[in-house]
Amino acid sequence: MGSGYLILAGAIMLFSWLVSSRLKSKFAHYSKLQLQNGMSGAEIAQKMLTDNGIYDVRVISTPGQLTDHYNPVDKTVNLSEAVYNQRNAAAAAVAAHECGHAVQHAVGYEWLQMRSKLVPIVSVASGFVQWILLAGILMIKTFPSLLLIGIVIFAATTLFSIVTLPVEYDASNRALAWLKNKNMLNRAEYDGAEDSLKWAARTYVVAALGSIATLLYYVSIYMGGRRE
């Protein structure tokens, strides 16, 4: 299993790099596709919220790149400076996607609620789970329960990555449906937005696969240690 896992991990890392590189190139390409309606990412976001009857969510600019996110705690759609200000297909896609999360929150989308409940657990667990797993492997013959504890904690982070998939895909579907139904983009712009979100979603798929593979690796170590 050790060599098999290394091969699998290597394949996932390679796939992750390819998807990430492709995503960056796609966003760079569609960032050059200026919107005919002349709306910025911030304006797109605000209109989508209004059209969905959401008036208690603020659209704000946040520093950095790829920092776009929806915060359900303070009800803010946080758009990176480029997305907030620019008027292109990539910015429209990201802005609408993040508003898709706001719509999920407003309608009580069950997968978003589940992910929100896992956030505190994952936030705490991510800080020390690797140390527990390492100690558990080193002490597998004397204290195997420690590795089992680490596996259970890591399983929570894996569950989080799995639950994230329907949340992200649904947010993109909501965004694209709104962009299309409201005729916000022309055909070329819409195709660019759709392509951008498709590649963005694949990064979450890779992350989930990597987490599942890692969890199975630790489980195999635990089971092997029990048999010896």
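Colleague: Why does Ile12 count as buried?

Modeller: This is a predicted model, and the values are computed from it. Ile12 has a relative accessibility of 17%. Buried means under 20%, so Ile12 counts as buried.

Colleague: Where is Ile12 found, and which residues is Ile12 in contact with, leaving aside its neighbours within four places in sequence?

Modeller: Ile12 is found in helix α1, residues 2-30. Leaving aside neighbours within four places in sequence, Ile12 is in contact with Val206, Leu209, Gly210 and Ala213. Ala213 is 201 residues from Ile12 along the chain, yet the two C-alpha atoms are separated by 9.0 Å.

Colleague: What makes Ser196 count as buried?

Modeller: Ser196 has 0% relative accessibility. The cut-off is under 20%, so Ser196 counts as buried. Ser196 has its place in helix α8, residues 187-227. Not counting residues up to four places away in sequence, Ser196 touches Leu23, Phe27, Tyr30 and Ala93.

Colleague: What share of the residues in the chain is buried?

Modeller: Of the 228 residues in the chain, 44% are buried. As for contacts with a separation of 6 or more, 71% are accounted for by residues 24 or more positions apart.

Colleague: What are the elements of the chain, and in what order do they run?

Modeller: The chain has eight helices and three strands. From the N terminus on, they run α-α-β-β-β-α-α-α-α-α-α. The C-alpha atoms fill a box of roughly 65 × 35 × 30 Å, taken along the principal axes.

Colleague: Why is α6 called roughly antiparallel to α7?

Modeller: Helix α6 (residues 129-138) and helix α7 (residues 144-181) pack at an angle of about 150°, with their axes 7 Å apart. Angles over 145 degrees count as roughly antiparallel, so α6 is roughly antiparallel to α7. The crossing of α6 and α7 is left-handed.

Colleague: Which residues make the contact of α6 with α7?

Modeller: From α6 there are Val129, Gln130, Ile132, Leu133, Ala135, Gly136 and Ile137. From α7 there are Leu146, Leu147, Gly150, Ile151, Ile153 and Phe154. By class, the contact of α6 with α7 has 10 nonpolar residues, three polar and no charged.

Colleague: How do you know that α2 and α7 are roughly perpendicular to each other?

Modeller: The axes of helix α2 (residues 41-51) and α7 cross at roughly 90° and come within 11 Å. The range for roughly perpendicular is 65 to 115 degrees, and α2 and α7 are therefore roughly perpendicular to each other. In this contact Ile44, Lys47, Met48 and Asp51 of α2 meet Arg174, Ala175 and Trp178 of α7. The contact of α2 with α7 divides into four nonpolar, no polar and three charged residues.

Colleague: What makes β1 and β2 the edge strands?

Modeller: The three strands form an open sheet in the order β1-β3-β2, with mixed pairing. β1 (58-62) and β2 (69-71) each pair on one side only, and they are the edge strands. Neighbouring strands of this sheet are turned by 30° against each other on average, direction ignored.

Colleague: In which sense do β1 and β3 pair, and over how many bridges?

Modeller: β1 and strand β3 (residues 76-80) pair in the parallel sense, over five bridges.

Colleague: Why does Lys75 count as partly exposed?

Modeller: The relative accessibility of Lys75 is 30%. Buried would be under 20% and exposed over 50%, so Lys75 counts as partly exposed. Lys75 lies in the loop between β2 and β3.

Colleague: What is the phi of Lys75?

Modeller: Lys75 has a positive phi of about 55°, although it is not a glycine. Most residues other than glycine have a negative phi.

Colleague: Why is Asn183 called exposed?

Modeller: Asn183 has a relative accessible area of 64%. Exposed means over 50%, so Asn183 is exposed. The place of Asn183 is in the loop between α7 and α8. Asn183 is not a glycine, but has a positive phi of about 55°.

Conventions:
Residues numbered from 1 in each chain as written. Predicted model: local features only at pLDDT ≥ 70, side-chain atom pairs only at ≥ 80, totals over all residues. Heavy atoms only, no water. Axes fitted to C-alpha atoms, helices over the stretch in contact; angles between N-to-C directions. Helix = DSSP H or I, 4+ residues; strand = E, 2+ residues; numbered from the N terminus. Parallel < 35°, antiparallel > 145°, perpendicular 65-115°, else oblique. Left-handed = near helix turned anticlockwise from the far one by under 90°. Contact = heavy atoms within 4.5 Å. Nonpolar A, V, L, I, M, F, W, Y, C, P; charged D, E, K, R; others polar. Pairing = 2+ DSSP bridges. Buried < 20%, exposed > 50% of the residue type's maximum accessible area, 1.4 Å probe, protein only.
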